[in-house]
Amino acid sequence: MNEHKFMIYLGLTLVGLGVLIDTPLSFPLVLVGNLLIIFYSIMDRNWELAIITFFMLWFQSIRILMGGL
């Protein structure tokens, strides 16, 4: 259980770095971070967090790929 929370916080950190810092690695950081959050929230059976994170992944990816920061 504690390792799941640690991985969710790691995913949040990666997403934060990807959104705040404009580098070529922004999209992979956002993608990996959100997928970590989705995977470990499903492992914890936290379906609300998984669904919200899926929509966050969708909108953040569109925003980064269109060049907006």
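Val 30 lies in helix H2 of this predicted model. With a relative accessible area of 0%, Val 30 is buried. Leaving aside neighbours within four places in sequence, Val 30 is in contact with Leu 14, Val 15, Gly 18, Val 19, Leu 57, Gln 60 and Ile 64.

**Packing of H1 and H2**

- Helix H1 covers residues 2-20 and helix H2 covers residues 26-43; the two pack at an angle of about 155 degrees, with their axes 7 Å apart.
- H1 and H2 are therefore roughly antiparallel to each other, since angles over 145 degrees count as such.
- The crossing of H1 and H2 is left-handed.
- By residue class, the contact of H1 with H2 holds 15 nonpolar residues, seven polar and no charged.
- The C-alpha atoms of Val 30 and Leu 12 are 18 residues apart along the chain and are separated by 8.9 Å.

**Packing of H2 and H3**

- The axes of H2 and H3 come within 8 Å and cross at roughly 170 degrees.
- H2 and H3 are therefore roughly antiparallel to each other.
- The residues of the contact of H2 with H3 divide into 15 nonpolar, six polar and no charged.
- Leu 31, placed in helix H2, is partly exposed, with a relative accessible area of 30%.
- Between Leu 31 and Leu 57, 26 residues apart along the chain, the C-alpha separation is 6.8 Å.

**Packing of H1 and H3**

- H1 and H3 pack at an angle of about 20 degrees, and their axes are 12 Å apart.
- That makes H1 roughly parallel to H3, because angles under 35 degrees are counted as roughly parallel.
- The crossing of H1 and H3 is left-handed.
- Ile 8, Val 15, Gly 18 and Val 19 of H1 make the contact with Leu 49, Gln 60, Arg 63 and Ile 64 of H3.
- The contact of H1 with H3 divides into five nonpolar residues, two polar and one charged.

**Ser 41 in H2**

- Ser 41 has its place in helix H2 and is buried, with a relative accessible area of 0%.
- A polar atom of the Ser 41 side chain lies 2.8 Å from the backbone oxygen of Ile 37.
- Not counting residues up to four places away in sequence, Ser 41 touches Ile 8, Asn 46, Leu 49 and Ala 50.

**His 4 in H1**

- His 4 is placed in helix H1 and counts as buried at 12% relative accessibility, because the cut-off for buried is under 20%.
- Leaving aside neighbours within four places in sequence, His 4 is in contact with Tyr 40, Met 43 and Asp 44.

**Arg 45 in the loop between H2 and H3**

- Arg 45 sits in the loop between H2 and helix H3, which covers residues 47-65.
- With a relative accessible area of 66%, Arg 45 is exposed.
- Phi of Arg 45 is near 60 degrees, a positive value in a residue other than glycine.
- Most residues other than glycine have a negative phi.
- The C-alpha atoms of Arg 45 and Leu 65, 20 residues apart along the chain, are separated by 30 Å.

Methods: Residues numbered from 1 in each chain as written. Predicted model: local features only at pLDDT ≥ 70, side-chain atom pairs only at ≥ 80, totals over all residues. Heavy atoms only, no water. Axes fitted to C-alpha atoms, helices over the stretch in contact; angles between N-to-C directions. Helix = DSSP H or I, 4+ residues; strand = E, 2+ residues; numbered from the N terminus. Parallel < 35°, antiparallel > 145°, perpendicular 65-115°, else oblique. Left-handed = near helix turned anticlockwise from the far one by under 90°. Nonpolar A, V, L, I, M, F, W, Y, C, P; charged D, E, K, R; others polar. Buried < 20%, exposed > 50% of the residue type's maximum accessible area, 1.4 Å probe, protein only. Polar contact = N/O pair within 3.5 Å; in protein donor to acceptor, adjacent residues only side chain to side chain. Contact = heavy atoms within 4.5 Å.
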